[in-house]
Amino acid sequence: MDTSLREHFDRAVRGDPGADSEAMAHAAIAQGGRVRRRRKQLAVAGVAAGVVMVLAVVAGVNHRSPAAVAPRMTLVAASDCSVKPVQNHATDVVILPGDADGHVTDQMLSRLRSDLTDDPRVAALSFENHEQAYQRFQRLWPNDPDFVASVNPNDLAEFFRLRLVDAATYTAFRTQYAARADVVSIEGRICKPSAPVGGIQ
Amino acid sequence: MTDTVTPSRPADGDRTGVVAGWRAGRRRAKAARDEEFTAFVESAATRLRRSAYLMCRDWHLAQDLTQQTFVKMYAAWDRLRTGTNLEGYSRRVLMNLVFDQQRRLSGSEIVLAELPDGPESAPAGTPELRLALVDALARLSVKDRAVLVLRHAEDHSVDTVAAILGVSVSVVKMRNARALPRLRAMLGEDFLDH
């Protein structure tokens with residue numbers, strides 16, 4: 001039975017005019033790429049309109065359009081915090097580790113962690129790994145499963161969250177850590193004590 | 001937004017490096033992704049287009065549906081490339097597009113599944129009333145058609161067909177059992193039973 005049926009099916013598609021698969025791939029890449037970008041744009045716009053959006057300031061990111069910013073850099077301020085990162089008097093800080101190419105090694109992380117742990121200005125410190133960052137990301141985008149699915153946990157940066165003992169120390173603290181070769185960016189917010197450490201959702 | 005660090009610090013060099021490195025990394029990642037995706041399209045396009053044709057009887061539409069399938073897959077490629085059964089997933093996307101298409105059509109004037117009396121009501125095997133396979137398929141419901149195409153033209157297992165269509169194994173078996181005799185009747189004597 002199957003043989004005969006298969007012959008029917010094979011005969012039925014004999015009229016296949018064919019198509020240039022490379023051209024199909026190119027067209028799909030062009031059009032699918034637009035879908036990808038639009039999806040990210042929509043997601044970013046959705047946050048800007050709804051919740052509160054703050055982009056972690058990776059150096060030089062200032063002149064970039066939001067759509068070009070990778071999801072790994074999307075940080076959203078907690079509700080008890082200033083929306084935008086501040087230059088002075090921040091109570092809570094996020095530090096994104098990494099070298100000039102954005103690479104992160106275990107040694108880099110442990111050195112930074114021990115420096116922060118030993119820093120008397122730091123009152124509380126925690127580390128968010130890829131998996132935790134991804135869980136946070138999923139919570140942030142409950143209505144856009146496609147967008148969440150388009151991101152791998154490894155796309156999301158690991159980072160340190162911390163709270164300072166005294167907000168007055170932030171300016172010097174930031175200057176010092178931002179200059180380190182193992183720090184990609186640092187941003188601080190002014191938060192109420194009830195906010196999560198680091199000042200982001 | 002203002003700079004986080006005073007400009008003209010030595011760190012500026014690093015900062016430009018961060019962005020340049022990040023961009024170069026993104027470009028490399030895109031090139032690798034596109035290459036992988038193109039290889040997938042080359043391996044999958046013909047089978048997909050043929051299955052689409054069996055579903056819709058129109059090569060142009062089949063080509064469009066196949067192209068749309070690839071667009072959707074490229075848009076989600078980062079997620080799909082690891083650990084996804086690409087062959088199964090591409091069938092799922094294609095069939096969903098076919099179902100959407102069918103829903104849109106049934107809202108307008110053409111309803112393929114409701115053609116006037118077919119040869120199924122005529123004595124089986126009457127040669128002049130024998131239908132071509134695609135025409136016979138078109139008289140089945142689109143869901144039954146999908147089961148037959150995936151199961152018999154593409155040779156997927158019942159389990160795989162169930163996974164592709166997102167229905168239970170028993171639903172696949174039921175549709176198959178219902179649709180095969182109807183197809184057999186429409187195809188007449190050409191269609192050997194065993």
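## Helix pair in chain B

In this predicted model, helix α6 (residues 142–153) of chain B and helix α8 (residues 169–187) of chain B have axes that come within 9 Å and cross at roughly 90°. Axes are lines fitted to C-alpha atoms, for helices over the stretch in contact, with angles from 0 to 180 degrees between N-to-C directions. α6(B) and α8(B) are therefore roughly perpendicular (65 to 115 degrees).

From α6(B), K143(B), D144(B), V147(B), L148(B) and R151(B) meet V172(B), R175(B), N176(B), R178(B), A179(B) and L183(B) of α8(B); contact requires C-beta atoms, placed from the backbone, within 7 Å. Five of these residues are nonpolar, one is polar and five are charged (nonpolar: Ala, Val, Leu, Ile, Met, Phe, Trp, Tyr, Cys, Pro; charged: Asp, Glu, Lys, Arg; polar: the others, Gly among them).

## Sheet in chain A

Chain A holds an open sheet of four strands, ordered β4-β5-β3-β6, with antiparallel pairing. Pairing requires at least two DSSP bridges between two strands. Because β4 (122–128) and β6 (183–189) of chain A stand at the edges with a single partner strand each, one side of each has no neighbour in the sheet. From one strand to the next, the twist averages 20°.

Four bridges join β3 (residues 92–97) of chain A to β5 (residues 159–164) of chain A in the antiparallel sense. D92(A) lies opposite R163(A) in β5(A). Helix α3 (residues 106–118) of chain A packs on the sheet and touches β3, β4 and β5 of chain A, its direction making about 160° with that of β4(A).

## Conventions

Helices (H or I, at least four residues) and strands (E, at least two) are DSSP runs numbered from the N terminus. Residues are numbered from 1 along each chain as its sequence is written, and chains are lettered from A and ligands numbered from 1 in the order written. Local features need pLDDT of at least 70 and side-chain atom pairs count only at pLDDT 80 or more, while totals for chains, interfaces and linings use all residues.

Terms used: Angles under 35 degrees count as roughly parallel, over 145 as roughly antiparallel, 65 to 115 as roughly perpendicular and the rest as oblique. Two residues are in contact if their C-beta atoms, placed from the backbone, lie within 7 Å.
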